[in-house]
Amino acid sequence: MIEHILKQAFDKHFEAPIEAWKGLADLCEEVSFKKNERIKEAEQIAKYGYFLVDGSCGLFVWKENNYVCTDLFLENSFLADDISLLTGKPSPIEIVSLENSKLLRITKSNIELLKKTPIGSVLFLAGEENSNVEKQNQQIEIMTLSAEERYLGLMKNQPEILQRIPQKHIASYLGITTQSLSRIRAKISKPD
């Protein structure tokens with residue numbers, strides 16, 4: 001059953017046969033985390049990659065006395081501390097469950113096993129390419145769009161994030177204060 005969820009989530013990037021997803025699912029274990037529970041601590045070496053089955057998660061780094069949200073994830077998303085997972089070294093990234101969440105967890109050694117299979121190598125390459133495109137688009141938006149434009153983009157493209165993720169994390173993700181986010185929300189909701 002989980003292989004169908006994996007396939008559906010990834011088909012927009014690369015359509016692989018269900019057997020490939022069954023193979024991936026067989027190498028994973030299901031884990032659960034409570035709201036605000038740390039999935040991966042900062043300055044630790046990442047041991048796992050994840051697929052978010054239910055709930056929401058965020059990636060955070062510590063900066064000047066508070067956490068900065070670098071990414072937000074809802075169901076049907078792959079997530080990991082890619083820096084640490086790929087280099088085998090600690091990174092400042094912390095992964096936190098923002099709601100009670102259920103994830104599939106795959107060990108780094110099982111990821112390496114999958115990458116050695118023909119279909120596994122294609123899936124991981126397609127996943128990394130998609131992740132790089134998304135990250136570059138996010139960087140471009142941060143540098144070229146106003147906070148209001150970025151918020152409107154979230155409203156249009158990912159409205160569930162605005163309904164489910166705490167405002168402090170959304171503000172941090174947008175690179176603004178919670179007060180600025182409140183002003184933007186008030187301005188947008190005010191009729192002309």
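Me: Which residues does A25 touch, not counting residues up to four places away in sequence?
Reply: The model is predicted, so local features need pLDDT of at least 70 and side-chain atom pairs count only at pLDDT 80 or more, whereas totals for chains, interfaces and linings use all residues. Residues are numbered from 1 along each chain as its sequence is written, and side-chain values use heavy atoms, with hydrogens and water left out. With contact taken to mean heavy atoms within 4.5 Å, and with residues up to four places away in sequence not counted, A25 touches I2, E3 and L6.

Me: Does A25 count as buried or exposed?
Reply: A25 lies in helix α2, where helices (H or I, at least four residues) and strands (E, at least two) are DSSP runs numbered from the N terminus. A residue is buried under 20% relative accessible area, exposed over 50% and partly exposed in between, with a 1.4 Å probe and protein chains only. Because its relative accessibility is 11%, A25 counts as buried.

Me: At what angle do α1 and α2 pack?
Reply: Two packed helices are described by the angle between their axes and the distance between the axes. Axes are lines fitted to C-alpha atoms, for helices over the stretch in contact, and angles run from 0 to 180 degrees between N-to-C directions. For α1 (residues 2-10) and α2 (residues 18-26) the axes are 8 Å apart, and the angle is about 120°.

Me: Which residues of α2 make the contact with α1?
Reply: From α1, the contact is made by I2, E3, H4, L6, K7 and F10. Ala, Val, Leu, Ile, Met, Phe, Trp, Tyr, Cys and Pro count as nonpolar, Asp, Glu, Lys and Arg as charged, and the others, Gly among them, as polar, and on that basis the contact residues divide into seven nonpolar, one polar and three charged. From α2, the residues are I18, W21, K22, L24 and A25.

Me: How many Å apart are the end C-alpha atoms of helix α5?
Reply: The expected span of a helix is 1.5 Å times one less than its number of residues. Helix α5 (residues 118-144) has 27 residues and should therefore span 39 Å, which agrees with the separation of its end C-alpha atoms, 39 Å.

Me: Which residues of α5 are buried?
Reply: P118, found in helix α5, counts as exposed because its relative accessibility is 68%. What covers the buried residues of α5 includes α1, α2, β5, α4 (108-115) and α8 (167-174). Those buried residues are G120, L123, A126 and Q138.

Me: What is the order of the strands in the open sheet that has β1 and β6 at its edges?
Reply: Two strands pair if DSSP finds at least two bridges between them, and the edge strands β1 (28-33) and β6 (77-79) each pair on one side only. Neighbouring strands of this sheet are turned by 30° against each other on average, direction ignored. The sheet has four strands with antiparallel pairing, in the order β1-β8-β3-β6.

Me: Which residue of β6 is the bridge partner of Y50?
Reply: Strands β3 and β6 pair in the antiparallel sense over three bridges. Helix α1 packs on this sheet, touching β3, β6 and β8 (101-107), with its direction at about 95° to that of β3. In β6, the bridge partner of Y50 is L79.

Me: Why is one side of β2 and of β5 left without a neighbour in the sheet, and which strand pairs with β2?
Reply: The four strands of this open sheet follow the order β2-β7-β4-β5 with antiparallel pairing, and the twist averages 35° from one strand to the next. Because β2 and β5 stand at the edges, each with a single partner strand, one side of each is left without a neighbour. The strand joined to β2 by two bridges, running antiparallel to it, is β7.

Me: What is phi of N65?
Reply: N65 is found in the loop between β4 (56-63) and β5 (66-74), and with a relative accessible area of 69% it is exposed. Phi is positive here in a residue other than glycine, near 75°.
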